[in-house]
Amino acid sequence: MSLTTIVLAAGQGVRMNSELPKVMHPLAGRPMVRFAVDAARALEPDNLILVVGYRADLVRQAVGEGVAYVTQEEQLGTGHAVQQARTASGQADTVLVLYGDTPLIRPDSLRQVVSYHEDTGAAVTVLTSRPPDPTGYGRIVREPGTDAVLAIVEENDATPEQKAIDEVSSGIFCFRDDWLWRNLAEIPKSPAGEYYLTSLVAIARAQGELVTAWTVPDPLEVIGLDQRVKLALGEAEMRRRINERWMLEGVTLVHPETTYVEAGVRIGADTVIWPNTLLQGQTRIGRECTIGPGTVIRDSTIGDGCRVELSVVEQAIMEEGSDVGPFGHLRKGAHLGKGAHMGNFGEVKNATLGPGAKMGHFSYLGDATVGASHEELNVPWAAPGELDLSALLGLLRERGLRRILVEGGGLTVSRFLQQGLLDRLHVTVAPMLIGSGRASLTLDPIAGLADALRPAWRRFTLGEDVLFDLDLRAEP
Ligand code: UD1
Ligand code: MG
C-alpha cells in the first residue's frame with residue numbers, strides 16, 4: 001500500500017513564550033521537529049511532506065533536504081494545515097499525519113497504527129494514549145457498550161464529564177486517502193476561528209464510516225511538547241533513550257543520570273564515561289576511552305584509547321592514545337597527535353601538538369605547530385656500532401634540521417665535537433621536546449663519553465632522560 005506522511009510544523013507555539021518556533025526547540029541538541037520527521041522517514045513513505053509557516057525559513061534550514069515543503073501562510077488550525085498539502089500529496093492509499101511537537105513517537109508505533117488502519121479498512125484511525133494527566137489534549141469519546149470512537153472533543157469545548165475522560169488524541173492520524181481529501185473542506189470553523197483536524201472523526205461517523213483507534217502502550221511517546229515543563233520531560237526521556245542505546249552498544253556510563261549525550265554523538269565500545277559529562281554536537285569518540293568526570297566535549301573527534309578528565313574540548317581532534325587534563329581546554333582547531341599529552345591548566349587553540357609531544361602545567365599554545373616528540377632517523381652505520389656522521393648530517397640537512405636531540409647519550413656526541421661538526425653543545429636535563437624541526441636519535445651509550453664531554457659536562461649527571469641539544473654547523 002502506498003503511504004503519504006504529512007508532518008505539521010507551521011504553528012508558533014504561544015505557550016513556549018519564545019521567539020523560536022515551538023518545533024525548533026531542541027531535544028538532546030536537535031530541533032524537535034527533526035525527530036518527528038525522522039520517525040516518519042523511517043516508514044519509507046512514498047511521499048514525505050512538511051507543513052511550515054511560522055518562521056518557515058528556520059524550520060526548513062533545520063530539516064534540510066529530503067522532504068517536500070508546503071507553506072501554510074496563516075495558521076488556521078491543524079485541519080487547515082493538512083489541506084495545504086493536498087497538491088503535494090498526490091495519490092496514495094493511506095495518509096499518515098503527525099505533529100512536529102510530538103517528537104518522542106517511535107517509528108515502530110507509527111508502523112503499528114498504519115497497519116492497524118489498513119487492516120480494518122477504516123476511513124480514519126486515531127492514535128490514542130492514556131497519560132497520567134489528560135489536561136490540554138483532545139478527549140476520545142467512545143460509544144458506551146461498543147467502544148466505537150464517536151468524536152474527539154478539544155479541551156476548550158469539552159464538558160466536565162468529557163474532561164474526565166482519560167483517553168486522549170495524540171494528533172497522529174491515518175486516513176484513507178480519497179476520503180480525507182473529499183472531506184477536509186467539511187471541517188467547520190471552531191469558535192476560535194480554527195479548523196480542527198480532529199473534527200474529521202465526527203464527520204466520518206456522521207457518514208457511517210468506520211473510525212478506529214489504536215492505543216500506544218507508553219503515553220510518553222505522544223506527549224505534545226508545547227510548553228517548557230513538558231519540554232523538560234521530553235528532554236529527559238530522549239536522553240534516557242540515547243544513554244540506553246549506548247550502554248547496550250558497549251559503552252559504560254558510570255552515572256547515566258548525569259551523563260548528557262546529544263543525538264548526533266557516536267561512541268565506541270568499551271569507552272567509560274564518568275559523571276557530569278556532556279557530549280555535544282557532532283562529537284565522535286573512539287573505543288576504550290576514559291571520558292570525564294566533569295567534562296564537556298563539543299563537535300570534536302576523539303580517537304581510540306584517549307583520556308579526558310575535568311576538561312573542555314571544542315571543535316578539536318585528539319588522535320589515538322592522547323590525553324587531556326585535568327583542567328585542560330582544547331579550543332577550535334586544536335589537534336593532539338597520537339599519544340600527545342596536555343596536562344593540567346593547559347590550553348591549545350588552532351595548533352597542533354605532534355605525536356607524543358607533552359605540554360605540561362599552566363601552558364598555552366596557539367596558532368602553532370609543535371613537532372613530534374620523537375622522530376626516528378634511519379642513519380646508516382659507518383662500521384659496526386659507529387655512526388656515519390656525514391650520512392647523518394646529510395639527512396639532517398635534507399630535512400632542514402639544524403638542531404637535534406640525542407637521547408641517551410653516545411659516542412656520537414664526542415665525535416661530533418672532535419670532528420668539529422658542532423658549534424656549541426647544550427645539555428638539558430628535562431626532555432624539552434617542544435619546538436618544531438627537532439628530531440631525536442636513540443643510540444646505545446658508549447663508554448668514554450664522560451671524558452669526551454667533560455668540558456661541557458660539569459653540572460649535569462647523565463641519566464636516562466638526558467637529552468643533548470646540539471647546534472650543528474651550517475657547513476662542517
Ligand atoms: C492537538 C490536537 C489535540 C491533541 C494534541 C496532541 C487539534 C485541533 N488538536 O492539540 O486533539 O490531543 O494536539 O498533542 O488538532 N500546526 C500547524 N498549523 C496550524 C496549527 C498547528 O502546522 O495552523 C501544527 C503545530 O505546529 C503543531 C501541531 O500542528 O506541531 C499541533 O498543533 P498544536 O497547536 O500543538 O495543537 P494542540 O493544541 O497541541
Ligand atoms: Mg501540541
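What follows is a walk through the ligand sites, the salt bridges and a few individual residues of a predicted model.

Residues are numbered from 1 along each chain as its sequence is written, while chains are lettered from A and ligands numbered from 1 in the order in which they are written. In this predicted model, local features need pLDDT of at least 70 and side-chain atom pairs count only at pLDDT 80 or more, whereas totals for chains, interfaces and linings use all residues; side-chain values use heavy atoms, with hydrogens and water left out.

A nitrogen atom of ligand 1 sits 2.7 Å from an N or O atom in the side chain of Gln-72, and an oxygen atom of ligand 1 is 2.8 Å from an N or O atom in the side chain of Thr-78. On its own, ligand 1 has 760 Å² of accessible area, and the protein covers 90% of that (accessible areas come from the Shrake-Rupley method with a 1.4 Å probe; for residues, only the protein chains shown count as cover).

Next comes the metal. Ligand 2 is a magnesium ion, coordinated by Asp-101 (OD) and Asp-226 (OD) at 2.1 to 2.5 Å (donors are N, O and S atoms within 2.8 Å of the metal, or 3.2 Å for Na, K and Ca; water is not among the atoms, so sites may look incomplete). Asp-101 lies in the loop between strand E6 (94-99) and helix H5 (107-120), and Asp-226 in the loop between strand E11 (211-215) and helix H9 (228-248), so the pair ties together parts that are 125 residues apart in sequence. Helices (H or I, at least four residues) and strands (E, at least two) are DSSP runs, numbered from the N terminus. Both Asp-101 and Asp-226 are buried, where buried means under 20% relative accessible area, exposed over 50%, and partly exposed in between (1.4 Å probe, protein chains only).

Helix H1 (residues 32-41) is largely enclosed by the rest of the structure, because seven of its 10 residues are buried. Those buried residues in H1 are Met-32, Val-33, Phe-35, Ala-36, Val-37, Ala-39 and Ala-40.

Turning to charges, the structure holds 21 salt bridges (a side-chain nitrogen of Lys or Arg within 4 Å of a carboxyl oxygen of Asp or Glu). One of them pairs Asp-166 with Arg-130, their closest N and O atoms being 3.0 Å apart. Asp-166 is in the loop between helix H6 (160-163) and strand E10 (168-176), and Arg-130 is in the loop between strand E7 (124-129) and strand E8 (139-142), so the pair ties together parts that are 36 residues apart in sequence. Asp-166 is partly exposed at 38% relative accessible area, and Arg-130 is partly exposed at 45%. Both belong to a network of salt bridges that links Arg-130, Arg-142, Asp-166 and Glu-167.

Two last spots deserve a glance. Thr-277, in strand E16 (residues 277-280), is buried at 0% relative accessibility, and its side chain reaches the backbone oxygen of Pro-275 at 3.3 Å. Phe-327, in the loop between strand E24 (323-324) and strand E25 (329-330), is partly exposed at 41%.

Notes:
Polar contact = N/O pair within 3.5 Å; in protein donor to acceptor, adjacent residues only side chain to side chain.
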